[in-house]
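Trainee: I would like to go through this model with you, piece by piece. Shall we begin?

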Amino acid sequence: MIHEKLKGFPTGFLWGSASAAYQVEGAWNEDGKGISNWDKFVRIPGKTFKGTTGDVAVDHYHRYKEDISLMAEMGLKAYRFSVAWTRIFPNGKGQVNQKGIEFYNNLINELIKNKIEPILTIYHWDLPQALQDEYGGWESREIVEDFTNYAVTLYKNFGDRVKYWVSLNEQNIFTGLGYRMALHPPGIKDEKLFYQVNHHANLANASVIKQFRKYVPAGKIGPSFAYSPAYAASSKPEDIMAAENAEEWNNHWWMDIYAWGKYPQAAWNFLERKGLNPKIEEGDFEILKEGKPDFMGVNYYQTTTYEKNPLTGVTEGHFNTSGKKGISEDTGIPGVFKTINNENLERTNWDWNIDPTGLRIGLRRITSRYSLPILISENGLGEFDKLEEGDVVNDDYRIDYLRSHLGAVQEAITDGVEMLGYCTWSFTDLLSWLNGFQKRYGFIYVNQHEEGEHNLRRIKKKSYYWYKDIIKTNGKTLI
């Protein structure tokens with residue numbers, strides 16, 4: 001629908017930005033921190049762009065006060081960060097590392113001192129390597145108890161000051177890239193194991209949400225889901241069915257569990273016939289139903305378009321981690337769906353579709369299906385930013401991207417979607433997992449590179465000042 005007039009952003013809207021511990025903190029082996037799966041994985045030759053690691057990242061561990069000062073100057077209302085599990089439990093369980101507790105206490109207190117709402121992510125992909133070595137990490141149901149104990153430790157230490165919590169970040173991504181495509185740790189390709197690992201993650205997510213009610217009764221918690229709404233490639237019924245399949249396999253498979261504690265039927269039946277469905281033990285669905293979140297966290301970057309895929313069709317394609325536009329390849333599940341390029345959309349240098357209307361569509365779908373408030377926990381543009389003479393970064397393309405997506409959020413609010421806030425990815429530039437430091441997302445340019453000089457100096461981009469004005473006016477200057 002086309003609105004004659006849009007509603008304003010609600011009072012108290014959380015204008016935020018986000019990060020992840022491994023991507024910003026550095027200090028990978030300081031103050032008692034243990035080894036994570038990513039600390040090990042990045043040391044395998046060829047896994048990351050030019051062998052980049054998070055050993056230093058952008059040194060947020062030592063520079064958090066400087067970074068928070070820049071947030072405060074911008075007027076940021078919320079900062080979403082993750083806790084590194086190995087800073088709290090170096091071996092994933094056992095003795096608590098008080099130096100880790102101290103760091104996050106200091107970070108949280110500094111945010112509150114500067115009137116910035118902390119949003120704490122319990123897990124953003126950095127699993128203690130000790131648990132991977134002991135029992136396979138997410139491959140074992142033992143992870144549920146250890147993850148719950150870790151989360152409760154966070155609740156006890158930080159729950160008096162942190163109101164908003166994210167339980168798992170992009171479960172669909174860390175399970176899929178870790179166990180389907182072998183691009184993330186532990187680097188395994190095993191379709192059946194993927195579904196089992198994902199089921200264990202579902203149980204762990206529900207368990208920590210249930211415990212949250214006891215320790216932080218006034219708080220709000222939910223998972224952050226990497227949502228890519230599905231489009232049909234054409235009006236052909238077979239393409240529409242492919243898109244329906246994709247929405248069920250790639251989206252409902254996770255969000256239905258979060259909201260209702262059950263798997264979607266058609267996908268389950270298909271996996272059962274193939275012998276790929278996860279093993280369910282007595283009481284599992286009761287646990288899952290007890291973990292209903294307070295909101296749905298959404299990490300949105302793009303939509304995906306689908307067409308019919310025959311039984312002998314496409315499976316796995318090339319994944320663009322270089323920034324060389326046009327090299328990604330279509331993927332699919334034979335007999336279910338196949339991706340196809342949408343020529344109505346522009347793409348980034350990493351072949352990600354730019355589609356602000358898709359965000360509005362996704363927000364409406366979640367609202368209609370689950371009736372939950374929504375926190376956009378990530379949205380942003382990764383690009384090759386250039387530092388020009390005079391410490392200037394003219395990232396007008398990022399401003400255009402964020403403006404158009406925030407416009408879609410405002411349209412969704414006018415449609416009736418309940419929005420808690422909007423966190424850009426990211427505040428500072430950071431290590432972009434497989435893509436190194438070349439793929440930049442931040443409002444703050446960080447002088448960090450794979451090669452040459454990298455003194456980690458912080459420099460405000462043009463988008464910094466733009467977002468500052470948006471926050472100051474609560475979005476009134478958006479149009």
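**Sheet, barrel and packing**

Trainee: This is a predicted model. In what order do the strands of the open sheet of 4 strands stand?
Mentor: The sheet is open and holds 4 strands.

Trainee: At about what angle to S6 does helix H10 run?
Mentor: Helix H10 spans residues 237-260. It lies across S6, S8, S9 and strand S10 (337-339). Its angle to S6 is about 170°.

Trainee: Now the barrel. In what order do its 8 strands close?
Mentor: The pairing in the barrel is parallel. From one strand to the next, the twist averages 25°. The order is S1-S2-S3-S4-S5-S7-S13-S14.

Trainee: How many of the 7 residues of S5 are buried?
Mentor: Strand S5 takes in residues 220-226. Buried means under 20% relative accessible area. By that cut-off S5 is mostly covered, and the buried count is 6 of 7.

Trainee: What is the bridge partner of valine 166 in S5?
Mentor: Strand S4, residues 164-169, pairs with S5. The sense is parallel, over 4 bridges. Valine 166 has as its partner glycine 222.

Trainee: Which residue of S7 stands opposite phenylalanine 225?
Mentor: S5 also joins strand S7, residues 296-299. They run parallel, with 3 bridges. Opposite phenylalanine 225 is valine 298.

Trainee: And what is the bridge partner of glycine 297 in S13?
Mentor: S7 pairs with strand S13, residues 374-378. The sense is parallel, over 4 bridges. The partner of glycine 297 is leucine 375.

Trainee: Which strands does helix H7 touch?
Mentor: Helix H7 (residues 142-158) packs on the sheet. Its direction makes about 160° with that of S3. The strands it touches are S3, S4 and S5.

Trainee: Across which strands does helix H5 lie?
Mentor: Helix H5 runs over residues 98-113. Its angle to S2 is about 170°. The strands are S2 (78-82) and S3 (117-123).

Trainee: How far apart are the end C-alpha atoms of helix H9?
Mentor: H9 covers residues 191-215, which is 25 residues. At 1.5 Å a residue, the helix should span 36 Å. The model agrees, with the end C-alpha atoms 37 Å apart.

Trainee: At the start of H9, which residue has a side-chain oxygen within 3.3 Å of the backbone nitrogen of lysine 192?
Mentor: H9 itself is mostly covered, with 19 of its 25 residues buried. At its start, the backbone nitrogen of lysine 192 is reached by a side-chain oxygen. That oxygen belongs to aspartate 190.

Trainee: Is serine 167 buried or exposed?
Mentor: Serine 167 is found in strand S4. Its contacts beyond four places in sequence include Phe147, Asn205 and Gly222. At 0% relative accessibility, serine 167 is buried.

Trainee: What is the relative accessible area of threonine 52?
Mentor: Threonine 52 sits in the loop between helix H2 (37-41) and helix H3 (60-74). A polar atom of its side chain lies 3.0 Å from the backbone oxygen of phenylalanine 49. Among its contacts beyond four places in sequence are Leu431, Phe437 and Glu450. Threonine 52 counts as buried, at 6%.

Trainee: Last, the whole chain. What radius of gyration does it have?
Mentor: The chain has 15 helices and 16 strands. Of its 479 residues, 60% count as buried. A compact globule with 479 residues would have a radius of gyration near 23 Å. The chain agrees with that, at 21 Å.

Notes
Residues numbered from 1 in each chain as written. Predicted model: local features only at pLDDT ≥ 70, side-chain atom pairs only at ≥ 80, totals over all residues. Heavy atoms only, no water. Pairing = 2+ DSSP bridges. Helix = DSSP H or I, 4+ residues; strand = E, 2+ residues; numbered from the N terminus. Contact = heavy atoms within 4.5 Å. Axes fitted to C-alpha atoms, helices over the stretch in contact; angles between N-to-C directions. Buried < 20%, exposed > 50% of the residue type's maximum accessible area, 1.4 Å probe, protein only. Expected span 1.5 Å × (residues − 1). Polar contact = N/O pair within 3.5 Å; in protein donor to acceptor, adjacent residues only side chain to side chain. Rg over C-alpha atoms; globule rule 2.2 N^0.38 Å.
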